[in-house]
Amino acid sequence: MMSVISHWSLENQERARSILASYPVKRSALMPLLYVASLEHEYASLEAMCEVAELIDITPVQVQSVATFYTMFKREKIGDYLISVCTSISCHLNGADEVLAAVEEASGVASGETTDDGSVSVEHVECIGACGGAPAVQVNYELIEGITLDKAEALIDWLRDTKPTVLLADEMQQLFGGQRSFDWGSTEPQGATRPVPAFGPYGSTNGSARGGR
Amino acid sequence: MTDKILTVRMDAHPSDSHTLSRYLDTGGYEALTKALNDMSKEDIIEEVKASNLRGRGGAGFPMGVKWGFLAPAEPRYLVVNCDESEPGTFNDRQLTERDPHQLLEGIIISSYALGVSHAFVYIRGEYPKSARRLQRAVEEAYDAGYLGQDIRGTEFSLDVTLHLGGGAYICGEETALLNSLEGRRGEPRLKPPFPAVEGLYAKPTIVNNVESISNVPWIMTNGGTAYAAIGPERSAGTKMLSISGHIARPGNHEIVMGMTWRELIFDIGGGIPDGKALKAWIPGGASAPWFVPDEHLDTIVSIDDVAANGSMIGAGAVVVMDETTNVVAAAHRIVRFFAHESCGQCTPCREGTSWLEAVLKRILDGNGRPEDIDLMLDISDNISPGLKWPPAMTTICPLGPSTVSPITSITRWFRPELEAMIAGSEGPVG
Ligand SMILES: Cc1cc2nc3c(=O)[nH]c(=O)nc-3n(C[C@H](O)[C@H](O)[C@H](O)COP(=O)(O)O)c2cc1C
Ligand code: SF4
Ligand code: FES
């Protein structure tokens with residue numbers, strides 16, 4: 001069973017093993033495994049879905065049917081930096097449409113598209129739970145609250161110029177953010193290295209976090 | 001009189017309220033010790049019943065009563081709902097980022113009382129920081145012997161697994177959440193059977209919200225009666241309200257219910273920025289019918305008073321709109337959300353939500369027709385017959401009927417504005 005992923009990095013194979021061990025029924029591991037497989041294959045490719053299917057003993061079509069239900073499994077290759085602009089109600093009331101336009105303008109691509117050099121993808125999303133710091137955006141799911149039009153442009157330039165390998169929410173908030181939903185407390189050492197949620201047990205985070213149980 | 005429960009530690013210790021060491025030296029895990037050593041499982045459930053805590057995830061169902069429905073079959077599961085995706089809501093995010101051990105202690109006590117040995121927290125995929133902070137807390141708790149085998153020298157064992165969602169609002173609905181956790185599409189199940197009888201893997205399962213469970217340690221320490229004594233009779237305890245939109249002090253405010261909306265918006269929320277006038281507000285998230293100043297400023301902020309006035313507190317999201325707000329655009333934004341998030345199982349929801357979105361869009365684009373208001377009400381009536389509150393259901397879950405809330409709100413409170421927009425549509429379209 002595990003042999004199907006013997007070409008994965010050792011770290012990701014270990015992640016897959018500990019994910020499978022965390023659930024009494026292995027099909028529950030589908031979404032976590034698909035995130036790990038998306039790291040291996042850069043997105044939830046057909047190959048990724050076939051591997052996950054074999055790991056949990058269901059058919060690839062069943063995995064695909066689940067994957068297509070959720071917006072965070074990307075079934076096409078996307079940029080290194082996924083910029084998600086919230087355009088739900090509270091952000092809408094605070095100028096989110098203009099923020100989206102500024103991001104599109106600065107990146108040169110419309111929502112749903114990826115730049116030719118493969119660096120940046122833009123999408124508009126529903127509420128990301130940052131309404132008190134509206135308008136809000138995420139880069140690879142790391143949050144920036146209270147962004148302005150100028151700062152949105154500056155964010156794109158910064159991503160292109162400095163090509164950060166790890167996106168730290170606190171750093172981005174410092175550089176490009178404003179009003180927050182609440183005091184964030186102390187800074188967080190971990191951030192995202194890919195457009196997959198930066199969660200140690202199965203995400204693209206820097207630093208080592210132990211596996212789930 | 002206690003007026004804050006959940007945010008005390010994070011306010012007093014902003015730099016490290018999320019760590020085990022700070023948690024321990026502010027009384028953390030003492031409630032667990034008390035529960036394990038001095039209380040039977042029945043005692044714990046009795047205290048939760050006595051607290052009169054009504055679930056904070058939106059439906060307001062009494063937590064102790066739900067626990068009482070848990071079927072005896074084994075194994076049983078506890079699933080904590082941290083999917084928090086209702087537009088306007090961000091309180092579970094703060095509770096998990098800033099005080100993860102408070103939630104974890106609540107999970108451990110609840111699991112002990114309910115006879116659960118494996119608990120899950122379903123966290124929306126867009127909350128990686130919540131997931132990281134909870135993961136760290138879980139690791140600390142295993143190392144300190146609060147999780148794992150034979151917790152604190154007892155025979156009680158518990159594992160906690162964190163599970164990230166994939167960006168689907170509907171997975172906040174408890175049965176959709178369970179399907180998602182089973183590795184399936186997040187489609188709500190028909191009820192009954194209720195999760196307490198057939199939930200995760202068809203086993204007895206309690207699903208509770210993050211804020212609900214975060215109150216459990218306090219209830220164990222201070223007693224259910226003390227909790228019930230806070231606030232109005234049927235809205236006991238404190239409530240985290242997320243206030244956003246056009247408001248001077250946006251954010252989460254932990255309040256005791258019982259004040260008026262005027263006090264909430266103007267005193268706690270600091271009023272409307274730039275001296276503008278209040279036009280409307282949503283008292284309980286995108287699903288809730290709107291309130292307006294002429295009618296509702298002196299209404300009491302409580303679960304029952306808001307319900308009696310045709311809306312709901314829901315998960316506690318207050319969205320404030322000032323006089324400059326284009327209410328049709330605001331309604332469109334909310335309807336668009338539901339159309340996007342409909343899981344597609346029920347025809348009235350799948351078809352009706354996109355149709356409503358399309359009609360609102362054409363009105364906004366200057367192509368509205370005089371019959372569009374009646375058309376929207378007619379579509380709404382097909383989704384939720386009679387347009388009553390609480391809504392009648394033709395669908396498996398309440399998402400469909402939620403779409404109707406912004407429609408009835410603008411047709412009821414802002415009809416002239418809607419009509420003027422449609423009238424202005426006639427002739428050449430700019
Ligand atoms: C469409 C829909 C979305 C929901 N989203 C959430 C959510 O994000 N978080 C939550 O706790 N409850 C949500 N609920 C309510 C849950 O179904 C369930 O009632 C709740 O998690 C039970 O916990 P409680 O009793 O502690 O409130 C939602 C319900 C519906 C119909
Ligand atoms: S009402 Fe809508 S979201 Fe709910 S089950 Fe039916 S189609 Fe799905
Ligand atoms: S509406 Fe944008 S974060 Fe909630």
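**Conventions.** I number residues from 1 along each chain as its sequence is written, with chains lettered from A and ligands numbered from 1 in the order in which they are written. In this predicted model, local features need pLDDT of at least 70, side-chain atom pairs count only at pLDDT 80 or more, and totals for chains, interfaces and linings use all residues, while side-chain values use heavy atoms, with hydrogens and water left out.

**Chain B, overall.** I looked up the secondary structure and found 21 helices and eight strands; helices (H or I, at least four residues) and strands (E, at least two) are DSSP runs, numbered from the N terminus. The radius of gyration of chain B is 22 Å, close to the 22 Å of the globule rule for 430 residues, so chain B is as compact as a globular protein of that length. That radius is taken over C-alpha atoms, and the rule is 2.2 Å times the number of residues to the power 0.38. Along the principal axes, the C-alpha atoms fill a box of roughly 80 × 45 × 35 Å. I noted that 63% of the 430 residues count as buried (buried is under 20% relative accessible area, exposed over 50%, partly exposed in between, with a 1.4 Å probe and protein chains only). Of the contacts in chain B with a separation of 6 or more, 69% are between residues 24 or more positions apart; a contact means heavy atoms within 4.5 Å.

**Helix 17 of chain B.** I checked its length: the 18 residues (347–364) should span 26 Å at 1.5 Å a residue, and the end C-alpha atoms are 26 Å apart, which agrees. The expected span is 1.5 Å times one less than the number of residues. Its buried residues include B:Cys349, B:Gly352, B:Leu356, B:Val359 and B:Ile363. An α-helix has 3.6 residues a turn, so residues three or four places apart point the same way. I then traced the partners of the buried residues, among them helix 16 (327–341), helix 18 (372–383) and helix 21 (415–423) of chain B.

**After helix 17.** B:Gly366, just after the helix, takes a positive phi of about 90 degrees. B:Gly368 lies in the loop between helix 17 and helix 18 of chain B and is buried, with a relative accessible area of 10%. Leaving out residues up to four places away in sequence, I found B:Gly368 touching B:Arg362, B:Ile363, B:Ile422 and B:Ser425.

**Backbone details of chain B.** I recorded a cis peptide bond from B:Glu74 to B:Pro75, with omega near -10 degrees; B:Pro75 is in the loop between helix 5 (63–68) and strand 1 (77–82). The bond from B:Pro192 to B:Pro193 is also cis, with omega near 0 degrees, and B:Pro193 sits in the loop between helix 9 (174–181) and strand 4 (205–209). B:Ala202 is found in the loop between helix 9 and strand 4. Although not a glycine, B:Ala202 has a positive phi of about 60 degrees, and it is partly exposed at 46%.

**Chain A.** I counted eight helices and four strands. Buried residues make up 61% of chain A. A:Tyr141 lies in the loop between strand 3 (137–139) and strand 4 (142–144); its phi is near 70 degrees, positive in a residue other than glycine, and A:Tyr141 counts as buried at 4% relative accessibility.
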